[in-house]
Amino acid sequence: MSKLHIATSINGEPVEFLADPSASMLDALRGPLGLTGTKEGCGTGDCGACSITVDGRLVCACLMLAVESEGHEIGTIEGMAQGDHLHPLQQKFLEMAALQCGICTPGMLMASRALLEKNPDPTEEEVRFGLAGNLCRCTGYDKIVRAVLETAAEMRGAA
Ligand code: FES
Ligand code: FES
């Protein structure tokens, strides 16, 4: 199958790559683009491990074709820290041990950031609802939810 030339933007940088017409965005990120921070849990849209943003909207990269990224702004976990400066959510996940194996973590962080951008002062219920599409087999969720709530409070204090 001949590959298609795709021009997109990833984490603010213009990017061009070749993709099979049937390749998922997840396969493109982890393959030719070398961005392996986005994880594959299920490959069927059920776990949220592959969460990325497309024009600011949270999307499962396993459910999107790579060719659909043409002309859009893609955000991945690699764009979350600014150099060595972690995003407050990343820092808090580390401090509060909100991760174990780490497979869900990039997706949890992307979903948490999207949630806080829309709602900087969420209730616990709203955090749990906002992260309902992201599965974690390790933490039992409480540490993740507490980390998101604490980050939100700190970010409001810093604003
Ligand atoms: S790998 Fe995409 S939702 Fe699970
Ligand atoms: S830390 Fe292992 S799946 Fe969440």
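Strands here are DSSP runs of E at least two residues long, while helices are runs of H or I with at least four residues, and both are numbered from the N terminus; two strands pair if DSSP finds at least two bridges between them. This is a predicted model, in which local features need pLDDT of at least 70 and side-chain atom pairs count only at pLDDT 80 or more, while totals for chains, interfaces and linings use all residues. Residues are numbered from 1 along each chain as its sequence is written, chains are lettered from A and ligands numbered from 1 in the order in which they are written, and side-chain values rest on heavy atoms, with hydrogens and water left out.

Let's start with the sheet. Its 5 strands form an open arrangement with mixed pairing, in the order β2-β1-β5-β3-β4. At the edges stand β2 (13–19) and β4 (57–60); each has a single partner strand, so one side of each is left without a neighbour in the sheet. On average, neighbouring strands are turned by 40° against each other, direction ignored. For angles like this, axes are lines fitted to C-alpha atoms (for helices, over the stretch in contact), and values run from 0 to 180 degrees between N-to-C directions. Moving to one pair, β1 (residues 4–10) runs antiparallel to β2, and 7 bridges connect them. One residue to look for there is Thr8, whose bridge partner in β2 is Val15.

Now bring in helix α3 (residues 105–118), which packs on the sheet and touches β3 (51–54), β4 and β5 (73–75), its direction making about 40° with that of β3. Contact here means heavy atoms within 4.5 Å. With 14 residues, α3 reaches 20 Å from its first C-alpha to its last, close to the 20 Å expected at 1.5 Å a residue; that expected span is 1.5 Å times one less than the number of residues.

How much of α3 is buried? Of its 14 residues, 12 are, so the helix is largely enclosed by the rest of the structure. (Buried means under 20% relative accessible area, exposed over 50%, and partly exposed in between, using a 1.4 Å probe and protein chains only.) Among the buried ones are Met108, Leu109, Met110, Leu115 and Leu116. The buried residues of α3 pack against β3, β4 and β5, and also against the helices α2 (88–95), α4 (124–130) and α5 (142–158).

Next, a pair of loops. Thr36 sits in the loop between α1 (25–30) and β3, and Glu78 in the one between β5 and α2. Thr36 is partly exposed at 38% relative accessibility, and Glu78 is partly exposed at 33%. Setting aside neighbours within four places in sequence, Thr36 is in contact with Arg30 and Glu78. In detail, the backbone nitrogen of Thr36 lies 3.4 Å from a polar atom of the Glu78 side chain, and a polar contact of 2.7 Å joins the side chains of Glu78 and Thr76. A polar contact is a pair of N or O atoms within 3.5 Å; within protein, one must be able to donate a hydrogen and the other to accept it, and residues adjacent in sequence count only if both atoms are side-chain atoms. Glu78 is also 9.0 Å from Pro106, C-alpha to C-alpha, though the two are 28 residues apart in sequence.

Finally, the charges. Side chains of opposite charge can pair when their charged atoms come close. The structure holds 7 salt bridges, each a side-chain nitrogen of Lys or Arg within 4 Å of a carboxyl oxygen of Asp or Glu. In α3, Glu117 and Arg113 meet at 4.0 Å, N to O; being 4 residues apart in the helix, they are separated by about one helical turn. Glu117 is exposed at 59% relative accessible area, whereas Arg113 counts as buried at 18%. In helix α4, Arg128 and Glu124 are also 4 residues apart, about one helical turn, and their side chains form a salt bridge at 2.8 Å, N to O.

Which parts does the bridge between Asp121 and Arg156 tie together? Asp121 lies in the loop between α3 and α4 and Arg156 in helix α5, so the pair links parts that are 35 residues apart in sequence. Their closest N and O atoms are 3.1 Å apart. Then there is a network of salt bridges, which links Lys92, Glu95, Glu150 and Glu154.
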